[in-house]
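Thank you all for coming; please have the sequence and the model open while I talk. I will keep to a handful of places and go through them in turn.

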Amino acid sequence: MSNIRILWADDEIEMLKPQILFLEEKGYEVVAVSNGQDAIDQCTDPQVDLIFLDEMMPGLSGLETLEKVKEKRPNIPVVMITKNETENLMEEAIGSQISDYLIKPVKSQQILLTVKKLTENKRLVNERTDMSYQKEFQNIFFSLQDSLSHDKWMELYQKLIYWELQLDKAGGSGMKEVFQSQKNEANVEFCKFVDKQYLNWVGKTEKDSPTMSHNLLERHVFPLLEPGVPVFFILIDNLRFDQYRIIEPLISERFRKRSENTYYSILPTATQYARNAIFAGLLPAEIQKRMPALWLNDEEEGGKNQHEEEFLKDNIVRHRLDIKYTYNKILNHQEGKTLQDNILNLMNNDLNVIVYNFVDMLSHARTEMEVLKELASDETAYRSITRSWFDHSPLHDALKKLSGKKVRIVVTTDHGTIRVNSPSKVVADRNTTTNLRYKSGRNLQYNKKDVLEIRKPEEAGLPKAHVSSSYIFAKEDSFFAYPNNYNYYVNYFRNTFQHGGISMEEMIIPFAVFEG
């Protein structure tokens with residue numbers, strides 16, 4: 001039995017007995033009434049799941065009844081049944097939030113399909129999504145057994161995000177735990193892959209190495225520059241690929257998507273390293289060598305991302321680009337409003353770089369504020385809050401102003417973030433970095449299975465604060481904790497979003513180009 005209760009209001013209800021009996025034989029319960037007032041009285045029954053409403057009834061008309069019903073049950077699906085499909089009537093009914101309409105004479109099968117669509121759609125979607133993912137599960141499983149290239153890893157991660165969002169959309173899916181287990185397994189294999197390949201990527205200039213932070217502008221942004229078409233390079237700090245996927249439809253409403261892909265963040269997947277590398281077009285060790293006065297190591301005092309504009313200028317000069325450009329960093333809502341007000345003034349430049357800091361602030365605030373821990377309790381909620389922010393942000397409003405203009409919009413980030421759950425003990429001196437996903441310093445002691453260790457930082461393009469400095473990077477969902485006050489810090493940081501280490505979420509990040 002379906003346990004679905006239908007309220008059907010029609011002044012000729014006796015003539016509908018065959019259709020009512022048909023529904024009852026299919027397991028539905030039908031409450032039949034002959035006028036609008038009875039429908040209004042009966043609709044307050046919480047067991048009523050769906051209402052069929054005749055448009056032409058004596059006394060209260062169908063539309064008048066619909067208005068009263070919606071006052072009492074605003075979310076209940078209502079199907080209007082009418083003899084006449086006039087445009088004005090349908091516009092009025094649709095404006096009053098009907099879920100569907102049928103034209104008399106109605107056929108039993110037609111009614112059944114409408115009922116299924118409105119009351120069982122979610123269940124059917126859940127079942128179909130689960131079945132589709134079960135088939136794809138095997139393909140992903142076998143892919144993980146192969147020796148994947150960096151391109152294939154990006155494809156696999158994008159596929160995993162697709163299924164994560166599909167299972168989210170299905171809501172009551174029974175496959176979410178299975179998916180999470182498979183995603184965790186993929187991260188295990190991805191970390192092994194990075195462990196083997198990373199030094200090859202950054203130690204060579206071969207064309208088959210992946211696009212990474214330090215060659216992103218050269219490979220994918222500078223080639224977009226052409227006279228008369230300003231490029232807006234928008235870097236939303238700490239934006240994961242799944243979060244990009246959630247806000248992408250809002251951007252696509254106003255701009256045509258030219259291309260969409262991912263690229264790899266360098267290690268550490270932290271703002272100081274990855275973002276500076278993007279704008280400088282150099283690995284961190286090369287930045288330190290070329291511009292020693294502008295690079296600060298982790299243990300040195302001062303802001304680590306204060307010189308991005310100078311790095312960008314040097315990069316543009318090295319590539320002999322004769323362009324007009326601006327650099328804009330948005331750290332708070334008021335600065336966002338200023339950008340919104342002035343965005344059209346930037347149309348006179350060839351390249352406008354906009355660094356937007358909201359998502360990074362959100363991930364850190366989530367660690368420190370209990371209310372945000374509740375609001376962004378897991379990946380699904382984190383995506384939801386990101387979309388809500390973007391939808392109502394000055395950045396979105398600024399983009400709306402560019403709609404219809406001849407522009408190119410690049411949306412990207414410097415690194416992603418991962419929800420950490422597995423503590424890993426580390427012992428270090430007091431000058432060691434405080435980041436939970438990577439450590440740089442001397443005399444580091446750690447569990448080797450939890451980390452990628454780089455004893456010679458120069459091989460990874462990383463600066464050395466001391467002759468004996470080394471780096472370690474946390475893998476999968478682990479985070480570093482010191483033995484002192486171990487339990488307190490583990491409980492404080494577990495289930496928070498962090499970055500700096502190795503995971504698909506942190507390293508495989510979005511890069512999309514839109515056109516006006």
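This is a predicted model: local features need pLDDT of at least 70, side-chain atom pairs count only at pLDDT 80 or more; totals for chains, interfaces and linings use all residues.

Residues are numbered from 1 along each chain as its sequence is written, and side-chain values use heavy atoms, with hydrogens and water left out.

Let me begin with the charged pairs. A search of the whole structure finds 36 salt bridges, a salt bridge being a side-chain nitrogen of Lys or Arg within 4 Å of a carboxyl oxygen of Asp or Glu. One of them joins the side chains of Lys104 and Asp10, at 3.2 Å from N to O. This pair links distant parts of the chain, with Lys104 in the loop between β5 (100-103) and α5 (108-119), and Asp10, 94 residues apart from it, in the loop between β1 (5-9) and α1 (17-25). Helices here are DSSP runs of H or I with at least four residues, strands are runs of E with at least two, and both are numbered from the N terminus. Asp10 counts as buried because its relative accessibility is 1%; buried means under 20% relative accessible area, exposed over 50%, and partly exposed in between, with a 1.4 Å probe and protein chains only.

A second salt bridge brings together the side chains of Asp195 and Lys475, at 2.9 Å from N to O. Asp195 belongs to helix α8 (residues 176-203) and Lys475 to the loop between β16 (470-474) and β17 (478-481), so the pair ties together parts that are 280 residues apart in sequence. Which of the two partners is buried and which is partly exposed? Asp195, at 34% relative accessibility, counts as partly exposed, whereas Lys475, at 13%, counts as buried.

There is also a network of salt bridges, in which Glu164, Asp168, Lys176, Lys183, Arg240, Asp242, Arg383 and Glu505 are linked.

Helix α7 (residues 150-170) and α10 pack at an angle of about 55 degrees, with their axes 10 Å apart; the axes are lines fitted to C-alpha atoms over the stretch in contact, and angles run from 0 to 180 degrees between N-to-C directions. The contact, meaning heavy atoms within 4.5 Å, is made by Tyr157, Gln158, Ile161 and Leu165 of α7 and by Phe241, Asp242, Arg245 and Ile246 of α10.

Helix α10 (241-252) comes up again as one of the elements against which the buried residues of α18 pack, the others being β6 (231-236), α14 (333-342), β9 (351-356), α17 (379-391) and β10 (408-412). Within α18 (residues 394-402), the buried residues are Pro394, Leu395, His396, Ala398, Leu399 and Leu402. Just after α18, Gly404 takes a positive phi of about 85 degrees.

Finally, the serine: Ser424 lies in strand β12 (residues 422-427), and at 2% relative accessibility Ser424 counts as buried. Its side chain makes a polar contact with the side chain of Asp450 at 2.7 Å, a polar contact being a pair of N or O atoms within 3.5 Å, where within protein one must be able to donate a hydrogen and the other to accept it, and residues adjacent in sequence count only if both atoms are side-chain atoms. Leaving aside neighbours within four places in sequence, Ser424 is in contact with Asn447, Asp450, Phe479, Phe480 and Ala481.
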